[in-house]
Amino acid sequence: MAKIETVSTTPFQDQKPGTSGLRKKVPVFQQPHYAENFIQSIFDSLDGFAGKTLVLGGDGRYFNKEVAEKVIRIAAANGFGRVLVGKDALLSTPAASNVIRKNKAFGGIILSASHNPGGPDGDFGIKYNASNGGPAPEKITDVIFARTKTISAYKIMTGDTVDIGKLGTAKLGGMTVEVIDPVADYAQLMQTLFDFDAIAASFKAGFRMRFDAMHAITGPYATAILEGILGAPKGTVVNGTPLPDFGGHHPDPNLVYCKDLYDLLMSKEAPDLGAASDGDGDRNLIIGRNRFVTPSDSLALLAANARLVPAYKDGLAGIARSMPTSAAADRVAEKLGIKCYETPTGWKFFGNLLDAGLATICGEESSGTGSNHVREKDGVWAVLFWLNILARRKESVEAIVDKHWRDYGRNYYSRHDYEAVDSAAANGLMANLRDSIRKFPGTHGIKAMDDFAYDDPVDKSTTTGQGIRILFDNGGRIVYRLSGTGTEGATLRVYIEHYEADPAKLHIETQTALAPLITLSHSLADIDGRTGRSQPTVIT
């Protein structure tokens, strides 16, 4: 028999949510009361949810089902009326956003550490999404963090069991638990956005692709949509079964962790398109035969071709990109006569723009693109968008990209990640750059330098300290930023960008084209001296 128990606890001082919730190593979350404290702190920070609906799901990583059960029991004890949970506690992040919006839920909890590794010694995460389907804004996460530092007890429903591996409805105390198909609502939404008939005809005519689900959450989605509804050949989706440790791999869709896919697309046996998505399904990788498409270029190309897609046939209200993302989308927006908003990193900053109707398509250089159909970035959506464009234009990815560069110029762009850097050293490097804001302009062709701040045009809030921007006279940029999504040390991200309009210089190898700026990025910040690193961990 179910009953509510109140469990005494003491605060943990390290439960500050980052840009996408609280992320820690699995053993940290396995500490007694650790997950319960954070879940209760979320609910303690919210008002008006009695009797309302909570959406719940995760990417299937290690410890996912155990924490999902804790969420259900704590939600029941705190007075929620219903929990909608994906079967086996699975829901991609964009699918969870859709379920929240479709069911007008109060909010949702997503269990994921996104593109970070999984397994017993890997990463885990808990994120709260608001009623618009998007990540909680800082005004909520700040309250949650404050509560974690004072919490003294949590409430949990004990007794009774709910089988979340079986579709259907059950009761836990006075709360209804409804186990739903993780894919169905999302697949239905995609069919309202894209020209599935054109894409299916393309596959029937011999178009071929490979989708690497990286043993993460998008396997079931891609299999159902690509192979099931659209008729792509069986085997189009590889690594399609979600595994708790992602098959021992790092579920980050970049050229390091998807090297096999890249090598295939550069070979004589290449299909027409290669694509991948990450741990929780919100990121994407797009590679055409002989042509990798950078996330920044992909955003620009989707925006430039949006009218080919049924959902966007009437045009875009605006485009939004994170500050570190290249300015390629800005050039498309200028030609379309719409605004391109430059925001801090973190999808939550796009939510206000989408809700207010100021932007339709948004993107980040970290392989995330999305639109107003949900309030998260969406990996499978981006792949379907590309398939729609390819089906309508009947050209290769390479041809489409080359024509775009001829029309708009090319933003040579690369991100250099220095992972697991000593936190004190990384913070010292950033502090030194801030001290140089007035010193560097006028040297090395530097036009301006600042510590990026954002004034939200919707809620009028101001967000500061978002990264150091160095702007050059010729349109180039170097950006330095510390990432908030890792769990170990600090990740220094350095973004290097050079704009080229000369048609004769559009096909230089990226690192070669950026070499002078790369060298300068090291010397201006004294990366080698301050971090002990002469080379980045990952180059994208």
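User: Which hand does the crossing of α2 and α3 have?
Analyst: This is a predicted model, where local features need pLDDT of at least 70, side-chain atom pairs count only at pLDDT 80 or more, and totals for chains, interfaces and linings use all residues. Residues are numbered from 1 along each chain as its sequence is written, and side-chain values use heavy atoms, with hydrogens and water left out. A crossing is left-handed if the near helix is turned anticlockwise from the far one by less than a right angle, and right-handed if clockwise. For α2 and α3, the crossing is right-handed.

User: How are α2 and α3 (residues 64-78) oriented to each other?
Analyst: Helices (H or I, at least four residues) and strands (E, at least two) are DSSP runs, numbered from the N terminus. Axes are lines fitted to C-alpha atoms, for helices over the stretch in contact, and angles run from 0 to 180 degrees between N-to-C directions. The two axes come within 10 Å and cross at roughly 40°. Angles under 35 degrees count as roughly parallel, over 145 as roughly antiparallel, 65 to 115 as roughly perpendicular and the rest as oblique, which makes α2 and α3 oblique.

User: Which residues of α3 make the contact with α2?
Analyst: Contact means heavy atoms within 4.5 Å. From α2 come A35, E36, I39, Q40, F43 and D44. From α3 come V67, K70, V71, I74, A75 and N78.

User: At what angle do α2 and α5 (residues 138-148) pack?
Analyst: Their axes are 8 Å apart. The pair is oblique because of its angle, which is about 125°.

User: Which residues of α5 make the contact with α2?
Analyst: On the α2 side are F38, S41, I42 and D44. On the α5 side are I144, R147 and T148.

User: What is the strand order of the open sheet?
Analyst: Two strands pair if DSSP finds at least two bridges between them. The sheet has 7 strands with mixed pairing. The order is β2-β6-β5-β3-β4-β9-β8.

User: Which strands does helix α2 (residues 34-44) lie across?
Analyst: The helix runs at about 15° to β6 (123-129). The strands it lies across are β2, β3, β5 (107-111) and β6.

User: Is helix α10 (residues 295-304) largely enclosed or largely open, and which residues are buried?
Analyst: Buried means under 20% relative accessible area, exposed over 50%, partly exposed in between (1.4 Å probe, protein chains only). In α10, 8 of the 10 residues are buried, so the helix is largely enclosed by the rest of the structure. The buried residues are S296, D297, S298, L299, A300, L301, L302 and A303.
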